[in-house]
Each structure stands twice: as C-alpha cells, then as structure tokens.
Amino acid sequence: MNVADAITKADVWLLDRVFQPFADRLGEKPTAFDIGMSMQLGAIVLDAAAVVAIFMVGGLSIDSALWNGLTWALGFAFYLSINRMRPLMRPGHANPLRMMLQGFRPLSIPFMLYSLYQSIAARPPFVLAMGFNGLANLVFVVGIYLVSTQPKPPRQRQTVWSGRRQEQGAP
C-alpha cells in the first residue's frame, strides 16, 4: 500500500465511520447537505472576519490584502459551485460529491491543522484574527465532509388499515 492508498483509506474511514453515522441520525430536515452548506457559508464569514481583524490590527500590506481578498473570493466561488450542485442530491441515490471531492477532503485537513497551530502560536496582536482563521478552516472541513455524506433514502409511506374496513371486505 502506497501513501495515496493510505490517505484514501483514512478519508473513507473518516467519512463512513464518523460523519455518515452523524448524517444518518439527523431528521428529515435539515439534511446533512444543508448543514454542511451552512457550515461552508459560516467558514466564508469567519474567513472574512479573520481578514478584517488582520486589517484592523495593521498586519496587512497591499500585497497581503490582495492575496487574502483573492483567496476569500476563491472560497466563495467554491461555495457557489457546490451550492449549484444541490439538485444532484436526491434521496435514495448516490451522492456525486462524494467522488468529486475525494481528493479535496484529505487535502483540507493539513491546512486545517496548520491554521489551528497558527492560531495557538500567534503573537498577541494577531490572536483573534488567527483564531477566526483556525475556526473557519475547522468549520470548512466538517462542512465538506457533511456535504459528502450519502443522503438518507426516502421514507416509505405505510398504509394502516383499520379493523372496521377489513371487516367490510376491503383488502
């Protein structure tokens, strides 16, 4: 087994053993996809708060401001593209995002871990901003895994016959 197989196996384990049981325990509304998309939007807002906090502290040069603005715009475009795939998510069918995001999910975990480390090791004026960034990446990873879970099959309606109807000869 090479490194890529081990990473894929860990990703599938995390998706099937941690996030899928959570998604299966949810009610009909909101679905795991809805919660995951809300977390994606929350990650975008937290990321914007981190950029604004760094700007308020005075830690952004014009180059850094442009870079952070473009990075935020890329995250927002990612959110919009996943949101446009909402009609593909049908109860009882396979989730196409599970395969589409197969390489993206494991890649996001080291970035999350690094941003959490940065938030812990930040100098005093940047603690709040880096905390927002670390939290944004954590919320993003949880959201991307929830978006990738399989939707629950639709509930089947059951007909309950009363004893009175059966006495009258109803099937």
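Modeller: The largest pocket is lined by 29 residues, and Asp 47, Thr 71, Phe 111, Asn 133 and Asn 137 lie nearest its centre. This is a predicted model, where local features need pLDDT of at least 70 and side-chain atom pairs count only at pLDDT 80 or more, while totals for chains, interfaces and linings use all residues. Residues are numbered from 1 along each chain as its sequence is written, and side-chain values use heavy atoms, with hydrogens and water left out.

Biologist: What makes a set of points a pocket, and a residue part of its lining?

Modeller: On a 1 Å grid over the protein atoms alone, a pocket is an open set with protein on both sides within 12 Å along at least five of seven lines, and lining residues have an atom within 4 Å of a point.

Biologist: Which helices each supply at least two residues of the lining of the largest pocket?

Modeller: Those are α2, α3 (62–84), α5 (104–121) and α6. Helices here are DSSP runs (H or I, at least four residues), numbered from the N terminus.

Biologist: Why is α2 called roughly antiparallel to α6?

Modeller: Helix α2 (residues 32–57) and helix α6 (residues 127–147) pack at an angle of about 165°. Angles over 145 degrees count as roughly antiparallel, so α2 is roughly antiparallel to α6. Angles run from 0 to 180 degrees between N-to-C directions, and axes are lines fitted to C-alpha atoms, for helices over the stretch in contact. The axes of α2 and α6 are 7 Å apart.

Methods:
Parallel < 35°, antiparallel > 145°, perpendicular 65-115°, else oblique. 1 Å grid on protein atoms, 1.4 Å probe; cavity = no way out; pocket = protein on both sides within 12 Å on 5 of 7 lines; lining within 4 Å.
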